[in-house]
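The following exercises are to be worked through with the sequence and the model at hand. Each task is followed by a solution in steps.

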Amino acid sequence: MKRLAIPVILASGLLASCQSSPRSELPPLPQAPASIEGTWVDPNGIVSTFAAGSFNTRTSDSNQLLASGTYVNLSDKLVEINMVSHVQNKQSKVNCALVAPNQLNCTADSGAQFSLNRKI
């Protein structure tokens, strides 16, 4: 019995000395907002800003205002932009779909399609 008692005591001592340390929780990863609020860029570097119902588009180099207008959310993923081009002095409507947190696919009433990527 002594031969069995020693390994059992040793095993018990080893198990008792093992303590699980509390898990350190990693901070949550930041997630891109699900709305279109913020700054977006097209492949040509044109910068579009959406803020509280107002929309504007500017050049990235000289910050020249190209277009401005308003937008309304049609749903949590769809937005309608009513804008005036200051270059062509022409009013137009653009519908955009938030297809990913950082990608906005748009179609102008002329049929032109383009994508914007969220500027982070």
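**Exercise 1.** In which strand is Met83 found? Determine also whether Met83 is buried or exposed.

*Solution.* The model is a predicted one. Step one: Met83 belongs to strand 5, which covers residues 78-85. Step two: the relative accessibility of Met83 is 18%. Since buried means under 20% relative accessible area, Met83 counts as buried.

**Exercise 2.** Which residues does Met83 touch, not counting residues up to four places away in sequence?

*Solution.* Step one: the residues touched by Met83 include Phe55, Ala67, Ser68 and Gly69. Step three: consider Gly69, which is 14 residues from Met83 in sequence, while their C-alpha atoms are 4.1 Å apart in space.

**Exercise 3.** Describe the surroundings of Ser85.

*Solution.* Step one: Ser85 is likewise located in strand 5. Step two: with a relative accessible area of 12%, Ser85 is buried, because the cut-off for buried is under 20%. Step three: leaving aside neighbours within four places in sequence, Ser85 contacts Leu66, Ala67 and Lys90. Step four: a polar atom of the Ser85 side chain lies 3.4 Å from the backbone nitrogen of Val87.

**Exercise 4.** What is the mean pLDDT of the chain?

*Solution.* Step one: the mean is 83, and 72% of the residues reach 70 or more. Step three: where pLDDT is low, predicted coordinates should not be read in detail.

Key: Residues numbered from 1 in each chain as written. Predicted model: local features only at pLDDT ≥ 70, side-chain atom pairs only at ≥ 80, totals over all residues. Heavy atoms only, no water. Helix = DSSP H or I, 4+ residues; strand = E, 2+ residues; numbered from the N terminus. Buried < 20%, exposed > 50% of the residue type's maximum accessible area, 1.4 Å probe, protein only. Contact = heavy atoms within 4.5 Å. pLDDT = per-residue confidence, 0-100. Polar contact = N/O pair within 3.5 Å; in protein donor to acceptor, adjacent residues only side chain to side chain.
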